[in-house]
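Hello,

Here is the structure you will be taking over. My notes on it follow below.

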Amino acid sequence: EKKKFNLVALKVPELPTEDETKANDRRLAEAVCKKVGVPEVALARVFRHGLPRADKRARPLKICFSDNAIPGHVLQSLRVNKQFSEVLPPHSRLRRDLTLTEQRDEADAFRRCYEANSAAQASVYYVNDRFELVKSKNPRKWVRDDVPMDTRQPTQSSE
């Protein structure tokens, strides 16, 4: 029930010190609120979930609001106006807070999506908010990790 009040920002980079990270996280949450017209007083709490990781991967950033209608409004406003890139760092994303069961469903959906795209050798499918595979209107070719980007033959040097 508490999760209805939260949004989670994934892959938001952390700064070298905890104090800098906290200040940056607060600024990000305030920027999100400002972009969609939500007053900053609606922010109840902003924090990172878990302990800092040794491998330096970014921890999930939780943005808690005082009203449970605000997270849905924020997501809808950002999606409709396509403003995610204006408030979030590159490669990060914002979603509602998920229960453990929903997290498992999401992971399963991403696995199925990867397998389907792998079989098609293109980005044909994506996962929607209900964890369903959806066929993309504009599929893209897949860049494979096991094939070197530069496949040119080496030139022979003249000596």
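Cys33 counts as buried because its relative accessibility is 0%, where buried means under 20% relative accessible area, exposed over 50% and partly exposed in between, with a 1.4 Å probe and protein chains only. Cys64, at 12%, is also counted as buried. The structure has zero disulfides, a disulfide being a pair of cysteine sulfur atoms within 2.5 Å.

This is a predicted model, in which local features need pLDDT of at least 70 and side-chain atom pairs count only at pLDDT 80 or more, while totals for chains, interfaces and linings use all residues. Residues are numbered from 1 along each chain as its sequence is written, and side-chain values use heavy atoms, leaving out hydrogens and water.

Four strands form an open sheet in the order S2-S3-S1-S4, with antiparallel pairing. Strands are DSSP runs (E, at least two residues), as are helices (H or I, at least four), numbered from the N terminus; two strands pair if DSSP finds at least two bridges between them. At the edges are S2 (43–48) and S4 (93–96), each pairing on one side only. S2 and S3 (residues 61–65) run antiparallel and are joined by five bridges. Arg48 stands opposite Leu61 in S3.

Regards
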